[in-house]
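Here is a short briefing to read alongside the model. Have a look at the fold, then follow the points below.

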Amino acid sequence: MEVQRDETNGILILTVPDDRIDAAVALQFKESMRQATSNANERIVLDLRNVSFVDSSGLGAIVGSMKQLPANKTLDLSGLTPTVEKVFQLTRMDTIFRIYPDLDAALEMVQS
């Protein structure tokens, strides 16, 4: 699984094009995130608007992607679908990540 990479005003935007982050792709996702963020800016937004399903392996890969970042970099999330948002709420990961309703909101808050 490759994440799509874009940059706006010094903010790295990573978009997941697939509709699932699960056990079948979790390792590929984490490696793709590692490569995409290796020379990244301080602020990174992971856009999950296309993702309709995340299992525990996928959640672990997202958390692992955040943990592999240097201390001076942050990973924010945007565009969680209701099902994915519920997973983050049930696991209390919504208290670990800054989550924005969409990419525009994330970029607005990140830039301020």
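How many residues of strand β2 (residues 11-15) are buried? Five of its five residues are, which leaves β2 mostly covered. Buried is under 20% relative accessible area, exposed over 50% and partly exposed in between, with a 1.4 Å probe and protein chains only. Strands (E, at least two residues) and helices (H or I, at least four) are DSSP runs numbered from the N terminus.

This is a predicted model, in which local features need pLDDT of at least 70, side-chain atom pairs count only at pLDDT 80 or more, and totals for chains, interfaces and linings use all residues. Residues are numbered from 1 along each chain as its sequence is written, and side-chain values use heavy atoms, with hydrogens and water left out.

**Strand β2 and its partners**
- In a regular strand, side chains alternate between the two faces of the sheet.
- On β2, I11, I13 and T15 are buried on one side, and L12 and L14 on the other.
- Strand β1 (residues 4-8) pairs with β2 in the antiparallel sense over five bridges; pairing takes at least two DSSP bridges.
- Q4 has T15 as its bridge partner in β2.
- Two residues separate β1 and β2 in their hairpin, and N9 in the turn has a positive phi of about 50°.
- Strand β4 (residues 43-47) pairs with β2 in the parallel sense over four bridges, with V45 as the bridge partner of I13.

**Nonpolar cores**
- A nonpolar core is a set of buried Ala, Val, Leu, Ile, Met, Phe, Trp, Tyr and Cys residues joined through side-chain atoms within 4.5 Å.
- The largest has 29 residues, and those touching the most other members are V16, I21, F29, L46, L48, I62 and F88.
- Apart from it lies another core of seven residues, including I11, I13, V45 and L107.
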